[in-house]
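Visitor: I have this model open on my screen and would like to go through it slowly. Please take me through it piece by piece.

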Amino acid sequence: MILEPEKHSPRNPGHLAQWLLPWAAQLVPIPLRADWQQEWRGELWHLDHEHGNRMPHSARALSLAYGLLADAFWLRSNYVIQISRGSAGSCLATLAFCCLLSIVVSWVYSGSAHAFSGLIAAHFIGGYIFVAIPAIFTAIATNPLRPLRCDRNQPRSEKLLSTRARWNLFLTAKILLTLILVFFGAIAAAAPLRIFIGRSADWFELVLWAFAVTAGLRWALLNQERRCQRCLRILNQPTRIGPPSRNFLDWNGTELACADGHGLLHVPEMQGSWCWYDRWVELDSTLQTIW
Amino acid sequence: MTSAKLSHTVAIILKALSLGYQFGFEIMEVTGLPSGTVYPALRRLERDDLVSSKWEAEEHALKEQRPVRRYYLLTRAGKGAAATAIQRYPLLSRLIPEKLVKT
């Protein structure tokens, strides 16, 4: 339907919402923008053509202008949340934020910059290295051995780094941030205890490091196994496939899918000579349209 | 959305939808809620599959010489949530009048 173009002034409360519409539309994600504008044209039409009895016209116009902005902002924020949920970026950002928080807490407890740097040097060289290295070996040794899922035969990515390079870079960054978080997190956790029992709190710190490094690295490795090989997003929609009673005849287990339709991860219910490990199945672009 | 998360505002909007009010402006008018609450709430309800939306038939809008509207309807889960809301806030029925004319 073609509507007559009208001149709208921001100074007139009645026209404010119409004037705001194209500006607020810039906030709305592109895939939703046309529908959103169409819907709001329909809503704003009522402003001049229907007279409700609850509010005066100018108050209603201002309320609608506010609603317009709130709606556009909600759509944008929801879109950002949907895009970043389970992504590699949000995982690293969360870890980095936790690292920063634990650094700030341990700094505050140490009192001064000089005391803080002394504490870090003494605890890192005097304790963390000796505990962390065996714990790293323990974490790797207890992680089930499987071939690296991201192989060299991956299709070439259009991005600057190859898929394999991004996979390895993400794993390295995640492990490093986990180790930093465990180091400062344990110092921050032991700091209040140090006020009461002095240097004896170091024993608590050592035990905490040993457990947290093992658990943290195991999490980092398992988390990597549950990610899409192409976009590094966490896989979801777990679906059970096949009856276990037919294990010798057919495959059974759980399938996880990438939300963007890049592929499926088959996790066997029972390991067999034909399926020792989780198997990643890449989907080609024709199948991605069903997602 | 579980009944525990059902806020008073959402309950009012669900009640309005269950009475046949179908689009944002109409819901805003009948409930008295500000538009900054109604529109994002409708989006949230749609995201949570309590509400579905559809465009009005263009011929109908043309006949009335106005732009097409987007109508919001309760899904099966939404009807359940509306029933829970009415149980939880019994005065809602008195707050929102029945819709007389179908849009």
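Guide: A:Leu264 stands opposite A:Val281 in β4(A), where strands are DSSP runs of E with at least two residues, helices are runs of H or I with at least four, and both are numbered from the N terminus. The model is predicted, with local features needing pLDDT of at least 70 and side-chain atom pairs counting only at pLDDT 80 or more, while totals for chains, interfaces and linings use all residues. Residues are numbered from 1 along each chain as its sequence is written, and chains are lettered from A and ligands numbered from 1 in the order in which they are written.

Visitor: How many bridges join β3 to β4 in chain A, and which way do they run?
Guide: Strand β3(A), residues 263-268, is joined to β4(A) by 4 bridges, and the two run antiparallel; strands count as paired if DSSP finds at least two bridges between them.

Visitor: What sheet do they form part of?
Guide: They belong to an open sheet of 4 strands in chain A, in the order β1-β2-β3-β4, with antiparallel pairing. Its edge strands, each pairing on one side only, are β1 (236-241) and β4 (279-282). On average, neighbouring strands are turned by 25 degrees against each other, direction ignored.

Visitor: And the rest of chain A, what is the order of its elements?
Guide: Chain A has 7 helices and 4 strands, and from the N terminus on they run α-α-α-α-α-α-α-β-β-β-β. Of its 291 residues, 26% are buried, which calls for 20 or more other C-beta atoms, placed from the backbone, within 10 Å of a residue's own; 12 or fewer counts as exposed, and anything in between as partly exposed.

Visitor: Let's do helix packing. At what angle do α4 and α6 of chain A cross?
Guide: Their axes come within 8 Å and cross at roughly 25 degrees, the axes being lines fitted to C-alpha atoms, for helices over the stretch in contact, and angles running from 0 to 180 degrees between N-to-C directions. That makes α4(A) roughly parallel to α6(A), since under 35 degrees counts as roughly parallel, over 145 as roughly antiparallel, 65 to 115 as roughly perpendicular and the rest as oblique. The crossing of α4(A) past α6(A) is left-handed, meaning that the near helix is turned anticlockwise from the far one by less than a right angle, whereas clockwise would be right-handed.

Visitor: What sort of residues make that contact?
Guide: By class there are 19 nonpolar, 4 polar and 1 charged residues in the contact of α4(A) with α6(A). Ala, Val, Leu, Ile, Met, Phe, Trp, Tyr, Cys and Pro count as nonpolar, Asp, Glu, Lys and Arg as charged, and the others, Gly among them, as polar.

Visitor: Is A:Tyr109 buried or partly exposed?
Guide: A:Tyr109, which lies in helix α4 (residues 88-110) of chain A, is partly exposed, with 17 other C-beta atoms within 10 Å. Leaving aside neighbours within four places in sequence, A:Tyr109 is in contact with A:Ala188 and A:Ala191; contact means that the C-beta atoms of two residues, placed from the backbone, lie within 7 Å. A:Tyr109 and A:Ala188 are 79 residues apart in sequence, yet 7.6 Å apart in space, C-alpha to C-alpha.

Visitor: What about α5 against α6 in chain A, at what angle do they cross?
Guide: Helix α5(A), residues 113-142, and helix α6(A), residues 163-197, have axes that come within 11 Å and cross at roughly 120 degrees, which makes α5(A) oblique to α6(A). This crossing is right-handed. From α5(A), A:Leu119, A:His123, A:Phe124, A:Tyr128 and A:Ala132 meet A:Leu179, A:Phe183 and A:Ile187 of α6(A).

Visitor: Switching to chain B: why is α1 largely enclosed?
Guide: Helix α1(B), residues 8-18, is largely enclosed by the rest of the structure because 8 of its 11 residues are buried. Among them are B:Val10, B:Ile13 and B:Leu17. α1(B) packs against α3(B) at an angle of about 80 degrees with the axes 11 Å apart, and the two helices are therefore roughly perpendicular to each other. That contact divides into 5 nonpolar, 2 polar and no charged residues.

Visitor: Last one: how many residues of the two chains are in contact?
Guide: 21 residues of chain A are in contact with 20 residues of chain B. On the chain A side, α3(A) gives the most, with 9 residues, and by class that side has 8 nonpolar, 8 polar and 5 charged residues.
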